[in-house]
Amino acid sequence: MRTTTRTTTGRAVAVLAGVAAAALALTGCSAGGSSSGNGGDDVSGSITLQTWALTPSYTDYLNGVVKAFEKKYPEAKVKLVDQPGDGYADKVLSQASSNSLPDVVNLPPDIALPLAKRGFLQDVAKDDSKLSSTYVKGALAAYNYKDVEGTFGYPWYLNTDIDYWNKTMFTKCGLDPASPPKTTDELFTQAETMHQKCPDDYLMSRKPGLSDFSLAGVKIINDKGTKFTFANSSKAADLISKYAKAYKDGLMPSSVLNTDYLGNSTLFTQGKVAWTTGGATAITDFEKNNPSLKGNIVVSPALDNPPLYVQGLSVSAKSKHLATAEALASFMTNAKNQEAFAHLVNIFPSTTSSQSDSFFSKDDGTVEGKARVLANDALKTAKNLNPVEANSAMTDFLDQQIALAMKGGVSPEKALQTAQTKMNTLLANG
């Protein structure tokens with residue numbers, strides 16, 4: 001299963017553009033089609049549900065939900081299809097371009113975006129007035145897009161990050177493990193303290209990216225989602241300058257800017273750095289891969305504002321049984337079914353009422369329990385920090401420019417402007 005994903009959204013729009021125009025002309029639909037003339041409120045007929053990399057691990061759960069739905073709606077039948085993890089975005093794009101998109105599709109917000117823009121997805125807010133009172137605000141907002149009116153998915157399962165700190169390294173290097181950094185500014189301050197006390201140990205081990213710009217108050221993209229604007233803000237350049245100075249002063253490993261950089265999670269697991277981010281259950285993997293970390297990890301909320309990772313269920317605007325498809329998406333994402341799923345796998349429900357479920361909200365006195373509670377609380381304010389318009393080709397180029405600036409090869413301003421120009425070209429060309 002996937003809790004995050006990056007796809008080439010611009011390419012997706014280009015692939016879909018021609019076929020969408022022809023399909024919409026033939027059907028008379030507009031972007032985010034209405035349910036009018038598509039079955040009304042009659043929950044009946046056979047539909048297809050497509051999930052993403054959930055079988056065979058969760059086949060029993062999925063079949064159970066389908067059976068419960070069919071019991072509630074005896075005239076409806078659901079065919080379950082699960083697609084493998086690799087190449088999923090391309091598979092969905094191919095289905096849309098051939099007008100074979102399943103009635104209900106498991107889509108993260110960035111894969112749903114090009115489909116919504118070209119009218120392949122139903123605006124589910126038109127037919128469900130309880131969306132805003134049912135789902136976590138940030139999760140629902142993930143399916144609202146710039147310059148596209150509507151809501152194009154039912155939020156399904158969620159995740160977020162919390163911070164993990166190495167208690168032994170903190171104590172050894174003059175830091176208080178009971179008071180780890182709460183903000184990015186505090187992170188830099190404590191990283192300097194650690195370096196002064198322990199020149200060969202590190203607190204920080206990462207470059208900044210778009211999410212860091214967002215946290216710094218930088219406007220990353222314009223209101224229509226047609227042009228990136230981050231280079232226009234001095235705050236973005238100031239942030240890179242701060243990271244560049246930290247790198248030059250030895251506050252992070254030199255490998256951070258190398259192609260063989262292992263990532264802060266791996267370095268944390270190896271005991272080479274004292275901080276990493278991760279999901280609520282990441283501590284299990286840390287301790288499994290390095291048993292010496294057991295009892296030696298402190299957890300705290302994510303710096304500044306927690307990120308939000310969303311998976312959802314979207315409805316095909318071309319479904320022959322639109323009311324049935326919408327009913328299934330709503331049924332699968334109701335609180336009862338989401339909570340049952342989240343008890344099986346390390347995710348969180350997107351339903352607001354589920355946040356009070358003791359399984360997610362009660363600290364059992366263990367570090368694992370505290371991590372789960374912190375992540376559950378974070379969902380109240382978590383938000384998508386990277387705009388869905390920014391695909392992997394764009395962010396990879398930006399990453400290269402930031403690394404160049406941190407090495408002193410170009411100024412932060414020049415690096416940002418170069419990246420922005422390139423990213424806007426990619427965005428415009430699709």
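**The nonpolar interior and what surrounds it**

Author: In the largest nonpolar core, which has 78 residues, the members that touch the most other members are Leu107, Tyr145, Tyr164 and Phe341. Helix H13, residues 322–332, supplies the largest share of this core, namely seven residues. Apart from it there is a second, separate core of 48 residues, with Phe170, Leu210, Tyr247 and Leu427 among its members. A nonpolar core here is a set of buried Ala, Val, Leu, Ile, Met, Phe, Trp, Tyr and Cys residues that are joined through side-chain atoms within 4.5 Å. A residue is called buried at under 20% relative accessible area, exposed at over 50%, and partly exposed in between, with a 1.4 Å probe and protein chains only. Helices (H or I, at least four residues) and strands (E, at least two) are DSSP runs, numbered from the N terminus.

Before going further, please keep in mind that this is a predicted model, in which local features need pLDDT of at least 70 and side-chain atom pairs count only at pLDDT 80 or more, while totals for chains, interfaces and linings use all residues. Residues are numbered from 1 along each chain as its sequence is written, and side-chain values use heavy atoms, with hydrogens and water left out.

Leu210 belongs to helix H9, residues 210–215, and it is buried because its relative accessible area is 4%. Between Leu210 and Lys380 lie 170 residues of sequence and, from C-alpha to C-alpha, 22 Å of space.

Side chains of opposite charge can pair when their charged atoms come close. A salt bridge is counted when a side-chain nitrogen of Lys or Arg is within 4 Å of a carboxyl oxygen of Asp or Glu, and by this rule there are eight salt bridges. In one of them Lys380 pairs with Asp377, with the closest N and O atoms 4.0 Å apart. Lys380 counts as exposed because its relative accessibility is 54%, whereas Asp377, at 35%, is partly exposed.

Another of these pairs joins Lys294 to Glu287, whose closest N and O atoms are 3.7 Å apart. Here Lys294 is exposed, because its relative accessibility is 59%, while Glu287 is buried, with a relative accessible area of 12%. Also included is the salt bridge between Asp212 and Arg206, at 2.8 Å from N to O. Asp212 has 10% relative accessibility, so it counts as buried.

Other acidic side chains form a patch of negative charge on the surface, made up of Asp41, Asp42, Glu75 and Asp127. Patches take residues with over 30% relative accessible area and no salt bridge, joining like charges within 9 Å and nonpolar side chains (Val, Leu, Ile, Met, Phe, Trp, Tyr) within 5 Å. Lys and Arg count as positive and Asp and Glu as negative, with His and the chain ends not counted, and each charge is placed at NZ of Lys, CZ of Arg, CG of Asp or CD of Glu. The accessible areas come from the Shrake-Rupley method with a 1.4 Å probe, and for residues only the protein chains shown count as cover.

Asp147, in the loop between helix H6 (137–141) and strand S4 (154–159), has a positive phi of about 65° although it is not a glycine, and with 60% relative accessibility it counts as exposed. Asp304, placed in the loop between strand S7 (297–301) and strand S8 (309–315), likewise is not a glycine and has a positive phi, near 65°; its relative accessibility of 38% makes it partly exposed.

Helix H3 (residues 88–97) includes Ser97, and Gln95 lies in helix H3 as well. Gln95 is buried because its relative accessibility is 9%, whereas Ser97, at 27%, is partly exposed.
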